[in-house]
Structure formats: C-alpha cells, structure tokens
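Subject: Structure for you to look at

Hello,

Here is the structure I said I would pass on. Please open it first, then read the notes below with it on the screen.

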Amino acid sequence: MMCVKKIFVFLILLLLSHVSIAQELSQIELNEAAVFRLDSSEFILRKAYGQLESVLTGDRVELLSQSQSKWLEYRNANVEVSTSGYKEGSIRPLIHAQLMTEMNENRIAELTKMHLKEITP
C-alpha cells in the first residue's frame with residue numbers, strides 16, 4: 001500500500017512539473033506531449049477512483065460510480081465548449097488535452113481527499 005502511495009505521489013509531481021521547452025518544439029510535438037500528459041492524468045484518475053471505491057461499501061459504491069459518470073460527462077462537455085472556438089486550428093488538440101488534464105488533476109485531488117477522509121480514523 002505504501003508503494004502505491006509513493007508511486008501516486010511521484011506521478012502527481014511528475015504531472016505538475018513541466019519544463020518550458022515550447023520554443024524548440026513544433027505544434028505537433030506540443031500536441032503529442034499534451035496528449036501524453038493527459039494519458040498520464042487519466043491513469044492517475046483511474047487509480048484515485050479505484051482507491052476510493054475500494055474503501056466504500058454498500059450503496060456508496062454505486063453513488064460514487066454515478067457521480068464519476070456524471071463528472072466525466074461534465075468534464076467532456078465543458079472542454080468541448082471551451083475548445084469550440086478552435087475547431088479548425090492546429091492548436092485545438094493542445095488546448096483540449098490541457099483542459100482535460102487540468103480537470104482530471106482537480107478531480108484526482110477531490111477523490112484523494114475523499115479517500116483520506118474514509119481511511120483516517
């Protein structure tokens with residue numbers, strides 16, 4: 001369990017720390033980097049959800065599942081609205097991935113806080 005926490009903290013720190021090398025990268029490379037960061041945040045989001053789910057019982061598991069489904073719908077709709085002005089632009093994938101990542105990171109924090117409340121006596 002402690003190893004999972006260390007990995008989780010490491011991945012969060014990795015996500016939050018980025019080196020500004022934008023001047024040296026093409027738009028395609030920036031888009032690819034943003035998608036990689038998004039994929040990492042999706043992985044951590046699934047782990048945070050799973051950790052919380054593992055300590056809940058009864059109806060609370062279903063409530064969490066419903067909450068997560070609704071949150072995912074909200075996240076996707078919110079990002080679509082926010083990026084709709086860039087539909088034809090090459091920067092759209094970058095902005096889309098960055099917004100998704102930001103919302104994922106906020107949700108990870110929420111789920112982690114909920115998990116800590118559940119396991120703290």
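Predicted model: local features only at pLDDT ≥ 70, side-chain atom pairs only at ≥ 80, totals over all residues.

Which residues does Arg92 touch, not counting residues up to four places away in sequence? They are Glu80, Thr83, Tyr86 and Lys87.

The chain as a whole

Of the 121 residues in the chain, 28% are buried. Among contacts with a separation of 6 or more, 76% are between residues 24 or more positions apart.

Helix H2

Helix H2 covers residues 27-55, which is 29 residues. From its first C-alpha to its last it reaches 43 Å, close to the 42 Å expected at 1.5 Å a residue. Its buried residues include Leu38, Ser41, Glu42, Leu45, Tyr49 and Leu52. Asn31 and Ala48 of H2 are buried as well; both come up again below.

An α-helix has 3.6 residues a turn, so residues three or four places apart point the same way.

Helix H3

Helix H3 takes in residues 59-83. Its 25 residues should span 36 Å at 1.5 Å a residue, and its end C-alpha atoms are 36 Å apart, which agrees. Leu64, Gln68, Trp71, Arg75, Val79 and Thr83 are the buried residues of H3. What covers them includes H2 and H4.

How H2 and H3 pack

The axes of H2 and H3 are 10 Å apart, and the two helices pack at an angle of about 160°. An angle over 145 degrees counts as roughly antiparallel, and H2 and H3 are therefore roughly antiparallel to each other. The crossing of H2 past H3 is right-handed. On the H2 side, the contact is made by Glu42, Leu45, Tyr49, Leu52 and Glu53. On the H3 side, Val61, Leu64, Ser65, Gln68, Trp71 and Arg75 take part. Sorted by class, the contact of H2 with H3 has 6 nonpolar, 2 polar and 3 charged residues.

How H3 and H4 pack

Helix H4 covers residues 92-119. The axes of H3 and H4 come within 10 Å and cross at roughly 155°. That makes H3 roughly antiparallel to H4. Is the crossing of H3 and H4 left-handed or right-handed? It is right-handed. The residues in the contact of H3 with H4 divide into 10 nonpolar, 8 polar and 6 charged.

Arg92 is in helix H4. With a relative accessibility of 17%, Arg92 counts as buried, because the cut-off for buried is under 20%. Arg92 and Asn31 are 61 residues apart in sequence, yet their C-alpha atoms are 8.6 Å apart in space.

Asn104 is also placed in helix H4. Its relative accessible area is 0%, so Asn104 is buried. Which residues is Asn104 in contact with, leaving aside its neighbours within four places in sequence? They are Leu38, Ser41, Glu42, Leu45, Trp71 and Arg75. Of these, Leu38, Ser41, Glu42 and Leu45 are among the buried residues of H2, while Trp71 and Arg75 are among those of H3.

Glu110 is found in helix H4 too. Is Glu110 buried or partly exposed? It is partly exposed, with a relative accessible area of 41%. Glu110 and Tyr49 are 61 residues apart along the chain, and 9.8 Å separates their C-alpha atoms.

Met114 lies in helix H4 and, at 37% relative accessibility, counts as partly exposed. Not counting residues up to four places away in sequence, Met114 touches Leu52 and Leu64. Leu52 and Leu64 also take part in the contact between H2 and H3. From Met114 to Ala48 the C-alpha distance is 9.7 Å, although the two are 66 residues apart in sequence.

Regards

Terms used. Residues numbered from 1 in each chain as written. Heavy atoms only, no water. Axes fitted to C-alpha atoms, helices over the stretch in contact; angles between N-to-C directions. Helix = DSSP H or I, 4+ residues; strand = E, 2+ residues; numbered from the N terminus. Parallel < 35°, antiparallel > 145°, perpendicular 65-115°, else oblique. Left-handed = near helix turned anticlockwise from the far one by under 90°. Nonpolar A, V, L, I, M, F, W, Y, C, P; charged D, E, K, R; others polar. Buried < 20%, exposed > 50% of the residue type's maximum accessible area, 1.4 Å probe, protein only. Contact = heavy atoms within 4.5 Å. Expected span 1.5 Å × (residues − 1).
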